[in-house]
Amino acid sequence: GSELMNKITDFLSVGKGKALPLMDLSARTKLSERAVQKEILDARLRGELIISGDEGYYLPADLDELRDYVIRRKATIKTTAAALQPFVKALKEGLI
């Protein structure tokens, strides 16, 4: 179950200009930074549109913010998948 009485989105504002850094979100929710990140992941898995960036966490103000986030996340996923390939190869070949 959730550690919060309120939804994590209740603590967030709309728009990149009003992004809340993780440290501030942690202070406002009275949760550890790790717990806040878990709450955000859980909310996203429930379909909540929570954007994160260098500025912090926020709710999308428009389609441009949504599009930019999707493009950034897809690039991260692609890079992560590429970095995983040597490990998959080593596992398949029994190198360790």
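Contact here means heavy atoms within 4.5 Å of each other. Keep that in mind while reading this predicted model.

Start with helix 1, which spans 22-29. Its buried residues are Leu22, Leu25, Ser26 and Thr29. Seen down the axis of helix 1, these residues fall within an arc of 100°, so they line one face of the helix. The general rule behind such spacing is simple. An α-helix has 3.6 residues a turn, so residues three or four places apart point the same way. What do the buried residues of helix 1 pack against? They pack against helix 2 and strand 2, the latter covering 56-58. The other side of helix 1 holds exposed residues: Met23, Ala27 and Arg28.

Just after helix 1 comes lysine 30. Lysine 30 sits in the loop between helix 1 and helix 2. Its phi is positive, about 60°, although lysine 30 is not a glycine. Is lysine 30 buried or exposed? Lysine 30 is exposed, with a relative accessible area of 74%; the cut-off for exposed is over 50%.

Now turn to the empty space. Rolling a probe the size of a water molecule over the atoms shows where such space is left. The largest pocket has a volume of about 190 Å³. Two elements each give two or more residues to its lining: helix 2 (33-45) and helix 3 (63-93). Helix 3 supplies the largest share, 4 residues. Among the lining residues are Leu41, Arg44, Leu66, Tyr69 and Arg73. How do the residues of the lining divide by type? There are 8 nonpolar, no polar and 3 charged.

Conventions
Residues numbered from 1 in each chain as written. Predicted model: local features only at pLDDT ≥ 70, side-chain atom pairs only at ≥ 80, totals over all residues. Heavy atoms only, no water. 1 Å grid on protein atoms, 1.4 Å probe; cavity = no way out; pocket = protein on both sides within 12 Å on 5 of 7 lines; lining within 4 Å. Points joined across faces, edges and corners; volume = space filled by probe spheres on them. Nonpolar A, V, L, I, M, F, W, Y, C, P; charged D, E, K, R; others polar. Buried < 20%, exposed > 50% of the residue type's maximum accessible area, 1.4 Å probe, protein only. Arc of directions from axis to C-beta.
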